[in-house]
Amino acid sequence: MSFSYYGELCTELYNLTKKVGQSLGGDIEYYRERLQDCKGPILEAMVGSGRVIIPLLESGLNVDGVDYSPEMLASCRQHCKDRELKPNLYESNLLEFSLSNKYEAIIIPAGSFLLIEKRDESIAVLNRLYELLLPGGRLMLDLFLPNQFEIDGKFSGTSAFSLPNGDMITMEEKLVEVDFYNQYKVSYYKYEKWREGQQIQSELQRFALRWYGIEEFKLVLEGIGFSEVVISADFEYGTQPTNSTQKFAFEAIKK
């Protein structure tokens, strides 16, 4: 499965910049409110380091998590252990993820679904998630449209982040490929960790992003068998999208 991989340095920086419980534009509040009446199990696919699943667990919801990155999943496990939470956390890519139990709801926050690079694999994942839902179960995920497309072949936009122990992580990005016809772009991210002026670790991440038109994705969901598709802008349920800079939250029901 082609997927943008999160390694050790990337995970460390993610934990620093997207802390557990840190809402991105109101997404945690949105998912928590929309799920508050769920009595059965919920799955957060592409759970990452636990930013969303932990506040959902703390609100009393029964949530499992699955992620492809062992580094991200290890971070999530530690965050849960620190809070005496014991969710079921699975290491798997979504194409191969299979359980005997079914879910009342499945969520994919933070636009993470766009990290599945190949269209045929993304459609196969949606079919897999459909199979994992109970009849009448809900799929909830949010998407966005990218806005940076200029390729100059150079690493640029260096950002520096200070760690609690005094170390520093720098990050640079290079956009290397844009395919408007097939609706994806590929960037390289270079991470370097520094201690007392000396580089002690480095990591290169290939970061692919596939985007979908709003109506296009609705048709994809309906083609798989989902019904009652609701598209909400900026995590305001039922608010129709009006422009390309918004976040687009989809909710669909398994027939």
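Predicted model: local features only at pLDDT ≥ 70, side-chain atom pairs only at ≥ 80, totals over all residues.

Reader: Which residues of helix α1 are buried?

Author: Helix α1 covers residues 8-17, with helices (H or I, at least four residues) and strands (E, at least two) taken as DSSP runs numbered from the N terminus. Buried means under 20% relative accessible area, exposed over 50%, and partly exposed in between, using a 1.4 Å probe and protein chains only. By that cut-off the buried residues of α1 are L9, C10, T11, L13 and Y14.

Reader: How many helices and strands does the protein have, and how compact is it?

Author: The secondary structure comes to 6 helices and 11 strands. The globule rule, 2.2 Å times the number of residues to the power 0.38, is set against a radius of gyration taken over C-alpha atoms. For 255 residues the rule gives 18 Å, and the protein is close to that, so it is as compact as a globular protein of that length, with a radius of gyration of 18 Å.

Reader: What share of the residues is buried, and what share of the contacts links residues 24 or more positions apart?

Author: Of the 255 residues in the protein, 51% are buried. For the contacts, take those with a separation of 6 or more. Residues 24 or more positions apart account for 67% of them.

Reader: Which parts of the chain does the pair of Y30 and F235 tie together?

Author: The structure holds 15 aromatic pairs; rings of Phe, Tyr and Trp (its six-membered ring) pair if their centres lie within 6.5 Å, and planes under 30 degrees apart count as stacked, over 60 as edge-to-face and the rest as tilted. The rings of Y30 and F235 have centres 5.6 Å apart and planes at 55°, so this pair is tilted. Y30 is buried, and so is F235. Y30 sits in helix α2 (residues 27-35) and F235 in the loop between β10 (226-233) and β11 (248-254), so the pair ties together parts that are 205 residues apart in sequence.

Reader: How do F217 and F250 pair up, and which aromatic cluster are they in?

Author: Their rings are 5.0 Å apart centre to centre with 75° between the planes, an edge-to-face pair. F217 is in helix α6 (residues 214-224) and F250 in strand β11, 33 residues apart, and the pair links distant parts of the chain. Both F217 and F250 are buried. The cluster they form part of is F113, Y212, F217 and F250.

Reader: Is I28 buried or exposed, and what does it touch?

Author: I28 is found in helix α2 and is buried, with a relative accessible area of 2%. Its C-alpha atom is separated by 8.7 Å from that of R51, 23 residues apart along the chain. Not counting residues up to four places away in sequence, I28 touches G21, Q22, S23, R51, V52 and P55.

Reader: Where is P55, and what is it in contact with?

Author: P55 lies in helix α3 (residues 53-58) and is buried, at 9% relative accessible area. Leaving aside neighbours within four places in sequence, P55 is in contact with V20, G21, I28, R32 and G50.

Reader: Is R128 buried or exposed, and what is it in contact with?

Author: R128 has its place in helix α5 (residues 119-132). At 13% relative accessibility, R128 counts as buried. Apart from neighbours within four places in sequence, R128 is in contact with L94, L95, F97 and S98.

Reader: What is the phi of D234?

Author: Most residues other than glycine have a negative phi. D234 lies in the loop between β10 and β11, and at 35% relative accessibility D234 counts as partly exposed. Although D234 is not a glycine, its phi is positive, at about 50°.

Notes
Residues numbered from 1 in each chain as written. Heavy atoms only, no water. Contact = heavy atoms within 4.5 Å.
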